[in-house]
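Here is a short report on one protein model.

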Amino acid sequence: MGFETKSNKRNKEHCQLTKGKHTNSNSFPNTTATISANSSLRTSRRRNRKMAMTPVQRLFETCKGVFSSGGPGIVPSPESIDKLRVILDDFKPGDVGLTPNMPYFSPTIGRRTPAITYLHLYECDQFSIGIFCLPPSGVLPLHNHPGMTVFSKLLFGTLHIKSYDWVADAPCVPAMTNSEGKQPDFRLAKLKVDSDFTAPCNTSILYPSDGGNLHCFTAVTQCAVLDVLGPPYSDPDGRHCMYYYDFPYTKFSVNGLSVPEEEEEGYAWLQEREKPEDLAVVGALYRGPPIVEK
């Protein structure tokens with residue numbers, strides 16, 4: 001098989017034109033029909049490629065557009081958020097090659113808190129895609145998402161989500177100093193969600209300062225959660241994953257701060273903590289349909 005050079009192409013065109021001078025008009029091909037047919041063929045090929053795109057590839061392509069001009073604290077437009085939400089709402093476990101009987105979801109013998117498996121699909125400066133696989137009773141402790149917009153899609157199972165947002169301009173409560181030195185202050189947060197979710201359900205979306213930016217996941221049954229973060233965590237850029245204790249609002253009394261008694265359960269005091277010693281998140285190779293960078 002050879003390639004047609006420009007020189008060969010010109011010679012062929014010359015021969016065709018010369019040949020055309022000695023034939024009548026009825027012998028010329030219907031160029032309009034040919035162009036129309038070629039156009040239809042190209043359209044059909046594009047349609048077939050689009051139809052053949054896997055859900056995970058479609059998710060990747062959508063994320064590229066949604067987060068193309070994003071950054072810390074920058075929330076995508078409502079139209080972009082809705083576009084990505086619709087893609088995630090339709091996701092099924094099989095779209096990423098998961099089934100509940102995989103070893104990731106089996107209880108860990110000999111551990112008080114089951115180990116959680118993380119499947120890494122993709123990460124760049126603008127966004128990341130990954131899956132948390134939680135066995136029954138698996139816990140992702142209360143943690144933050146600084147300057148991020150996060151989409152979480154429960155693929156299967158029942159998951160308890162408890163989430164908070166910081167209360168702006170609320171006074172902090174100084175912590176006591178102990179043998180380890182000055183402890184982090186207590187900050188007031190408002191409870192956003194405290195409920196069980198069972199798949200299939202809508203995608204959960206949190207924002208830099210709303211929607212439950214600080215959350216805790218507890219697996220009631222074995223669960224898989226597909227996560228999209230924009231932008232992802234980055235220690236060099238100051239986007240650290242921080243963990244927190246939560247305490248009842250009634251633990252402290254602060255001058256000038258009052259909440260109606262019937263609303264007190266909707267608030268809590270959060271205190272930064274070290275990463276829990278019993279938290280084990282292990283990485284595993286993602287074996288589902290691949291993401292292809294074009």
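The sections below go from the whole chain to single residues.

## Model and conventions

This is a predicted model: local features need pLDDT of at least 70, side-chain atom pairs count only at pLDDT 80 or more, and totals for chains, interfaces and linings use all residues. Residues are numbered from 1 along each chain as its sequence is written, and side-chain values use heavy atoms, with hydrogens and water left out.

## Overall picture

The protein has four helices and 14 strands. These elements are DSSP runs, numbered from the N terminus: helices are H or I with at least four residues, strands are E with at least two. Of the 294 residues, 38% count as buried. Buried means under 20% relative accessible area, exposed means over 50%, and partly exposed is in between (1.4 Å probe, protein chains only).

Contacts are heavy atoms within 4.5 Å. Among contacts with a separation of 6 or more, 81% link residues 24 or more positions apart.

## Largest pocket

Pockets and cavities are found on a 1 Å grid over the protein atoms alone. A cavity is a set of points where a 1.4 Å probe fits but cannot get out; a pocket is an open set with protein on both sides within 12 Å along at least five of seven lines. Lining residues have an atom within 4 Å of a point. Grid points are joined across faces, edges and corners, and a volume is the space filled by probe spheres set on the points.

The largest pocket holds about 550 Å³ of space. Its lining counts 25 residues, with Tyr118, Phe132, Leu229, Tyr233 and Cys241 nearest the centre. S2 gives the most, with four residues. By class, the lining of the largest pocket has 12 nonpolar, eight polar and five charged residues. Here Ala, Val, Leu, Ile, Met, Phe, Trp, Tyr, Cys and Pro count as nonpolar, Asp, Glu, Lys and Arg as charged, and the others, Gly among them, as polar.

## Second largest pocket

The second largest pocket has a volume of about 340 Å³. It is lined by 15 residues; Gln183, Tyr245, Glu272, Arg273 and Glu274 are the closest to its centre. Strands S12 (243-248) and S13 (267-273) each supply at least two lining residues. S13 has the largest share, three residues. The lining of the second largest pocket divides into six nonpolar, two polar and seven charged residues.

## Cavity

The structure holds one cavity of 30 Å³ or more. The largest cavity contains about 50 Å³ of space. Val66, Phe67, Gly70, Gly71, Ile74, Pro76, Gln126, Gly230 and Pro231 line it. Five of these lining residues are nonpolar, four are polar and none is charged.

## Cysteines

A disulfide is a pair of cysteine sulfur atoms within 2.5 Å. By this rule, the count is zero. For Cys63, the closest cysteine sulfur is in Cys124, 8.8 Å away and too far for a bond. Cys63 is buried, at 0% relative accessible area.

For Cys201, the closest cysteine sulfur is in Cys223, at 9.6 Å, again too far for a bond. Cys201 counts as buried at 19% relative accessibility.

## Backbone details

Most residues other than glycine have a negative phi, and most peptide bonds are trans. A cis peptide bond joins Ala199 and Pro200, with omega about 0°. Pro200 sits in the loop between strands S8 (186-198) and S9 (204-206). The bond from Gly230 to Pro231 is also cis, with omega near -10°. Pro231 is in the loop between S11 and S12.

Ser137 has a positive phi, near 75°. This residue lies in the loop between S2 and S3 and is partly exposed, at 48% relative accessibility. Asp169 has a positive phi near 65°. Asp169 lies in the loop between strands S5 (158-166) and S6 (177-178) and counts as exposed at 80%.
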